[in-house]
Amino acid sequence: MKLLKNKKILIFLILVLILGISFSKKNTKRENKKPTEVSTAKDLLKMDQEMYSFKVEGFGKTKKVQWELEGGSANIIGDKINIKDLKAVYFGDEATFNLTASSAVYDKITQDIELKDNVIGKSSDGGELITDYAKWNSVSQDITTDSKVTVKRENLICRGRGLIT
């Protein structure tokens, strides 16, 4: 199914973006907390950090925008990057794919991505996928969920529980 293939590509692009975020973060001061001494880049990556309202674009070989990713905020705590109000767009050759989720968690160790709450994927060719949770596994590159899933396309609506791509 073209919708699921595009979703895999978009989630991969989100992974690339999150890796970029982890290297371009900004430390926020917290009340009643002493500043942490940073002597190496490794120490910096261990600190809790936060970023607000960001947008990143990726370009293809033709120097056209291939994907966009926006977030309301990103909170980096240890090996996890928590993203709020995720909006992503992948501009494919045959269709455009939009993905939104209320929150997402990227694990820097496993490189897996969890999409949570109001996960909606829409393709410009009329496909739509709706669930409350989905996880992209970086090793297998599969998208899975045990949650309720609705897939819509033209005059077809399919509802079920669970999905493996």
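Among the contacts in the protein chain with a separation of 6 or more, 39% are accounted for by residues 24 or more positions apart. The model is predicted. Buried residues make up 39% of the 165 residues in the chain. The protein chain exposes about 10000 Å², of which carbon and sulfur atoms supply 51%.

**Confidence**

The mean pLDDT of the protein chain is 77, and 71% of its residues reach 70 or more. Over residues 23-41, however, the pLDDT is below 50. This stretch, residues 23-41, still has 22 contacts in the model beyond near neighbours in sequence. Where pLDDT is low, predicted coordinates should not be read in detail.

**Elements and sheet**

The secondary structure of the chain consists of two helices and eight strands. Read from the N terminus on, the elements run α-α-β-β-β-β-β-β-β-β.

In what order do the eight strands lie in the open sheet? The order is E1-E2-E3-E4-E5-E6-E7-E8, and the pairing is antiparallel. The edge strands are E1 (49-59) and E8 (156-164), each of which pairs on one side only. From one strand to the next, the twist averages 15°.

Several of the strand pairs can be described in detail. Strand E2 (residues 65-77) pairs with E3 in the antiparallel sense over nine bridges, and Asn-75 has Asn-82 in E3 as its bridge partner. The hairpin of E2 and E3 has two residues between the strands. Gly-78 lies in the loop between E2 and E3, where it takes a positive phi near 60°. At 28% relative accessibility, Gly-78 counts as partly exposed.

E3 and E4 pair in the antiparallel sense over eleven bridges. These two strands, E3 and E4, form a hairpin with four residues between them. Tyr-90 stands opposite Phe-97 in E4. Further along the sheet, E6 and E7 are antiparallel and pair over six bridges, with Ile-130 opposite Thr-150 in E7. In a regular strand, the side chains alternate between the two faces of the sheet.

**Salt bridges**

How many salt bridges does a search of the whole structure find? The search finds three. The table lists the pairs.

| Lys-80 | Asp-107 | 2.6 Å |

The side chains of Asp-107 and Lys-80 meet in a salt bridge at 2.6 Å, N to O. This pair links distant parts of the chain, 27 residues apart: Asp-107 is in strand E4 (residues 96-107) and Lys-80 is in strand E3 (residues 80-91). Is Asp-107 buried or exposed? Asp-107 counts as buried, because its relative accessibility is 14% and buried means under 20%. Lys-80, by contrast, is partly exposed, with a relative accessible area of 35%.

Lys-135 lies in strand E6 (residues 128-136) and Asp-112 in the loop between E4 and strand E5 (113-123), so the pair ties together parts that are 23 residues apart in sequence. Asp-112 is buried, with a relative accessible area of 10%, whereas Lys-135 is partly exposed, at 29%.

Because Arg-153 lies in strand E7 (residues 143-153) and Asp-125 in the loop between E5 and E6, the pair ties together parts that are 28 residues apart in sequence. Arg-153 counts as partly exposed at 28% relative accessibility, and Asp-125 is partly exposed as well, with a relative accessible area of 26%.

Terms used
Residues are numbered from 1 along each chain as its sequence is written. This is a predicted model: local features need pLDDT of at least 70, side-chain atom pairs count only at pLDDT 80 or more; totals for chains, interfaces and linings use all residues. Side-chain values use heavy atoms; hydrogens and water are left out. A salt bridge is a side-chain nitrogen of Lys or Arg within 4 Å of a carboxyl oxygen of Asp or Glu. Buried means under 20% relative accessible area, exposed over 50%, partly exposed in between (1.4 Å probe, protein chains only). pLDDT is the predictor's confidence in each residue, from 0 to 100. Contact means heavy atoms within 4.5 Å. Two strands pair if DSSP finds at least two bridges between them. Axes are lines fitted to C-alpha atoms, for helices over the stretch in contact, and angles run from 0 to 180 degrees between N-to-C directions. Accessible areas come from the Shrake-Rupley method with a 1.4 Å probe; for residues, only the protein chains shown count as cover.
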